Amino acid sequence: MNVRIGSTTVGEGLAAYVIAEIGLNHNGDVEIAKRLIDVAADAGVQAVKFQKRTPEISTPAHMRDVPRETPWGTMSYLEYRYRVEFDRDQYIEVGDHATLRGLDWFASPWDVPSVEFLEDLNVVAHKVASASVTDLELLRALAATGKPIILSTGMSTLDQIEAAVDVLGVQNLVLLHATSTYPMPADEANLRMIATLRDRFPGVPVGYSGHEPGLQISLAAAALGAAAIERHITLDRTMWGSDHAASLEPTGLQHLVRDIRIIEAALGDGVKRIMPGEEAPMAKLRRVTA
């Protein structure tokens with residue numbers, strides 16, 4: 001089953017839908033968000049993704065008063081969450097910028113009011129963060145939108161993923177294999193889960209959301225036929241913030257998209273034939289013809 005997101009069809013055997021996750025790497029600054037959108041568009045991705053929270057709902061109670069050192073001084077974790085959230089006008093500004101650059105844009109809502117917030121902005125799809133796989137109330141709200149849903153599966157068991165899919169349905173769903181370690185070591189990638197998810201949910205496009213340093217593992221996912229590939233992006237991996245170290249800088253993103261497309265071209269269709277470039281060597285080198 002293919003899934004239409006914006007102007008792109010996502011499915012097995014099609015070009016991978018590449019998502020540049022901006023997340024909170026804008027650090028609450030609209031201009032940084034716009035620069036990251038430009039980085040994504042220049043690299044040739046199809047979409048950029050943010051995160052949307054209602055902090056007093058989505059912040060775990062035991063974390064709210066924990067002190068956090070930030071570029072704006074020491075504040076509680078809840079205050080920090082408010083500090084980096086975009087409001088409606090800011091989302092309109094960055095969303096319009098993404099649209100003008102030819103990109104789909106959407107976000108991971110972390111609570112039901114955030115779903116309503118994003119629906120009011122008419123996003124083309126919704127993304128479920130790995131941390132929200134077991135939030136069935138949130139999943140029901142997302143299913144009710146009728147929009148395409150991209151479900152990351154990190155920090156989850158197969159039973160938990162199945163329960164989430166039961167709520168979301170399979171008709172407009174893309175699954176992303178993920179391991180929620182930041183940054184992720186290679187021995188936790190478990191890329192064979194891409195095939196496992198395909199087998200468990202026949203017809204549902206399966207992709208990969210990566211948090212590893214470097215490109216190799218994401219490119220291996222492309223070689224395994226990932227229907228979508230998502231990576232965090234940053235202007236500089238040394239910037240302040242929790243996700244920058246597991247993100248790709250602009251040159252890395254450019255190389256990722258370039259190499260994904262080369263791999264896709266190289267995979268071919270599995271039908272053995274004499275290729276055009278073989279004709280001349282065959283005429284020159286083959287002594288016995290069939």
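Okay, let's start with Lys 52: it's buried, at 8% relative accessible area, where buried means under 20% with a 1.4 Å probe and protein chains only. Before I go on, this is a predicted model, so local features need pLDDT of at least 70 and side-chain atom pairs count only at pLDDT 80 or more, while totals for chains, interfaces and linings use all residues. Residues are numbered from 1 along each chain as its sequence is written, and side-chain values use heavy atoms, with hydrogens and water left out.

Back to the lysine. Lys 52 sits in strand β4, residues 47-52; strands here are DSSP E runs of at least two residues, helices H or I runs of at least four, numbered from the N terminus. What does Lys 52 touch, leaving out residues up to four places away in sequence? Its contacts include Glu 85, Phe 86, Tyr 91, Trp 110 and Phe 117, with contact meaning heavy atoms within 4.5 Å.

Now the core. The largest nonpolar core has 77 residues, and Val 48, Phe 50, Trp 105, Phe 106, Leu 151 and Leu 253 touch the most other members. Helix α1, residues 30-43, gives this core its largest share, nine residues. By core I mean buried Ala, Val, Leu, Ile, Met, Phe, Trp, Tyr and Cys joined through side-chain atoms within 4.5 Å. There's also a second, separate core of five residues, with Leu 24, Met 75, Tyr 77 and Tyr 80 among them.

Phe 106, by the way, is in contact with Val 48 and Phe 50, among others, setting aside neighbours within four places in sequence.

Note on methods
Buried means under 20% relative accessible area, exposed over 50%, partly exposed in between (1.4 Å probe, protein chains only).
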